[in-house]
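Subject: Handing over a structure

Dear colleague,

I am passing on the structure below, together with some notes on what was found in it. Please keep it open beside the text as you read.

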Amino acid sequence: MRYSFIEAKPNYMQQYFKRNPVRVARLFLCLLFSLIVLFSSPMVLASVIGRVVKPYGNYTFTADDNMLRIRDKADPLPLLGTTNLFDISHRFTGGAMFEKQISRQRLSANANFTHTRYERFSQINNDLKSFNGNWNWFLGNRLEGNMGASYVQSLAPFLFQPGLKNIRTEQTAFFNGAWRFHPSWRLTGDYLRYDLDTGGSNGIFRFLNRIEDRFEGGIDYITAHQNTFGVDFRYIIGDFPVLVRAPDGSARDNSYDQKEVMSRAVWAITGKSNFNWRGGWVERTNASFPERDFSGFNARLAYQWQPTEKIGLTINGWRETSAMQVLTASFGLNTGVSVVPSWNISRKVRLEGDFSYETRKFNSFVLLTDSLLPVGTDNTIRNATMRLIYAPYRGLQLTATAYHNDLKTDNALGGFNANGATLGLQYTYGRP
């Protein structure tokens, strides 16, 4: 496999008017924000900025010895003109957060634009656009929920696309509700639509485009101490609109249906520790690839412990079937654990860690078309991060991070090792 730089940008107008649920929710939230700003007097607007609308800016400096995650057995010289994979990036972000409570209704939104520039590999320079909004609604004393949407246009991660500039667009719309029909019982319902475009009509990864419709319902029992135990039923329809061609010339459909029956629990074990669990049975059937069907146990748990006011620890574990960073049509079995310690050294200084180990096995799931990417059937990913956060003044935050990231895989190109550091500066006007 030879690495090549590929930039694929979606047709924005076509994408914008194509998906009705996302479009309607996003238009509603944008219109609401615009009306508040446009129809405010200068005096009112001055009081809004910093309280209702919080502008912010961020600059992040990153140095990495393998910025593009080029594989160990690949020769970067023909493409990059160098064997030195070290690079420095500059990331500039500007945006605004919106928060407003009207009676019991809570409205929030966040919009930002980011430009990332690389000193050596300028071919990867890119812009990110992001927007999300949420309406936390209440109806009476027993019915509440959320309605919202998000839009993100960003550079796909280099983990399984080393050296590729692939601009992807993700759109999400959701609506959920909970009915507390009894002091100890609650009914829940949820609908979510997810739309992934990995490069528009001319992109070579069009076969990865997909739409997911997720329907969910459940019932919870709530104890006197507000611990929750329940059961959840989920049905997912995964639609891949672009067919793929097998070696014999036949068209294959990556679409799938997935059914889940899960137990869930939120349990405050003591005043200093709590436990979250979601686990149960998953059954997945595929339209054209019965060899990739799955029926088995999935689970995710998190344990949080706060032994003192300054020290905290979170431990996560999971065993799930999921896509590789939402990049491929293949789904595999991911098993992993992460440990996230924290230490509030002082009122203004905080030290955080994030250490994770995960295996991703695709023995029965790999697609023929995924051979375009350097994906092995047996992959191990390790991450180690330490972060120091300093908040000297109201709204101002400085961050220094050091990290290690590596991939071990049975793919012919091998894995990679990467080490890096970041320095970040962010200011949010109006943040306490």
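In the lining of the largest pocket, sorted by class, there are 17 nonpolar, 22 polar and 7 charged residues. Please bear in mind throughout that this is a predicted model. The space in that largest pocket comes to about 1,400 Å³, and of the 46 residues that line it, those closest to its centre are Thr62, Arg69, Arg91, Tyr403 and Thr422. The element that gives the most to this lining is strand E19, residues 396-409, with 6 residues.

For the chain as a whole, you will find 4 helices and 20 strands, and 47% of the 432 residues are buried. The accessible surface amounts to about 21,700 Å², with 60% of that surface belonging to carbon and sulfur atoms. Among contacts with a separation of 6 or more, 58% are between residues 24 or more positions apart.

Most residues other than glycine have a negative phi, but Arg69, which is not a glycine, has a positive phi of about 60°. A positive value is also found at Gln226, where phi is near 65°, and this residue lies in the loop between strand E8 (210-222) and strand E9 (228-239).

The loop between E1 and H4 also holds Asn66, which is buried because its relative accessible area is 4%. A polar atom of the Asn66 side chain lies 3.0 Å from the backbone nitrogen of Ile70. Setting aside residues up to four places away in sequence, Asn66 touches Leu85, Phe416, Asn417 and Ala418.

Turning to the strands, His90 lies in strand E2, which covers residues 87-102. His90 is buried as well, with a relative accessible area of 10%, and its side chain is joined to that of Tyr59 by a polar contact of 2.7 Å. Not counting residues up to four places away in sequence, the residues that His90 touches are Tyr59, Thr60, Phe61, His115, Thr116, Arg117 and Glu119.

Is Arg350 buried or partly exposed? Its relative accessibility is 27%, and because this falls between the limits of 20% and 50%, Arg350 counts as partly exposed. Its side chain makes a polar contact of 2.6 Å with the side chain of Glu352, and another polar contact, of 3.4 Å, joins the side chains of Arg350 and Ser342. Leaving aside neighbours within four places in sequence, Arg350 is in contact with Ser342, Trp343, Asn344, Ile345, Arg387, Leu388 and Ile389. Of these, Leu388 is 38 residues from Arg350 along the chain, and the C-alpha atoms of the two are separated by 5.9 Å.

With kind regards

Note on methods: Residues numbered from 1 in each chain as written. Predicted model: local features only at pLDDT ≥ 70, side-chain atom pairs only at ≥ 80, totals over all residues. Heavy atoms only, no water. Helix = DSSP H or I, 4+ residues; strand = E, 2+ residues; numbered from the N terminus. Buried < 20%, exposed > 50% of the residue type's maximum accessible area, 1.4 Å probe, protein only. Polar contact = N/O pair within 3.5 Å; in protein donor to acceptor, adjacent residues only side chain to side chain. Contact = heavy atoms within 4.5 Å. Areas by Shrake-Rupley, 256 points an atom, 1.4 Å probe, with all protein chains shown as cover. 1 Å grid on protein atoms, 1.4 Å probe; cavity = no way out; pocket = protein on both sides within 12 Å on 5 of 7 lines; lining within 4 Å. Points joined across faces, edges and corners; volume = space filled by probe spheres on them. Nonpolar A, V, L, I, M, F, W, Y, C, P; charged D, E, K, R; others polar.
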